[in-house]
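Walk me through this protein. Where is its core, and what packs around it?

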Amino acid sequence: MFVTVVAVLCRLSAVSSGSCVEEIVTDSNMTPEMSMMQCAIGAQAPLAKWMGEHPIYHANWRLERYKCVPGHYEIKGHA
């Protein structure tokens, strides 16, 4: 099954709900061994690493939540 990891990130100084965005972090094409169970259980550490290395989201952003989505996922804009 194809799995996509989607992070919902919000600005630290955010007051309104419109300052959160969705980002596709990885999918089964990039990480072929990833299953829904592996995503649900083990995505937190790779997400922290991804945020620390990301040119935009490494500072002044927080991970609000993440989701493991079966199949391909398209960003819907503001989360």
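A residue is called buried when its relative accessible area is under 20%, and exposed when that value is over 50%. The model shown here is predicted. Beyond its neighbours within four places in sequence, T26 contacts V3, T4, V5, T31 and M34.

The largest nonpolar core has 15 residues. Within it, L9 and C39 have the most contacts. Strands β1, β2 and β3 and helix α2 each supply at least two residues of this core. The largest share comes from β1, with four residues. C39 deserves a separate look. Residues up to four places away in sequence aside, C39 touches V3, V5, M34, Y66 and C68. V3, V5 and M34 are also among the contacts of T26.

Now turn to helix α2, residues 44-53. Which of its residues are buried? They are L47, W50 and M51. Why do these residues share a side of α2? They cover an arc of only 95° around the axis, so they lie on the same side of the helix. The partners of these buried residues are three strands: β1 (3-11), β2 and β3 (61-70). The face of α2 turned away from the buried side looks quite unlike this: its exposed residues are A45, K49, G52 and E53.

Notes
Residues are numbered from 1 along each chain as its sequence is written. This is a predicted model: local features need pLDDT of at least 70, side-chain atom pairs count only at pLDDT 80 or more; totals for chains, interfaces and linings use all residues. Side-chain values use heavy atoms; hydrogens and water are left out. Contact means heavy atoms within 4.5 Å. Buried means under 20% relative accessible area, exposed over 50%, partly exposed in between (1.4 Å probe, protein chains only). The arc is that of the directions from the helix axis to the C-beta atoms. A nonpolar core is a set of buried Ala, Val, Leu, Ile, Met, Phe, Trp, Tyr and Cys residues joined through side-chain atoms within 4.5 Å.
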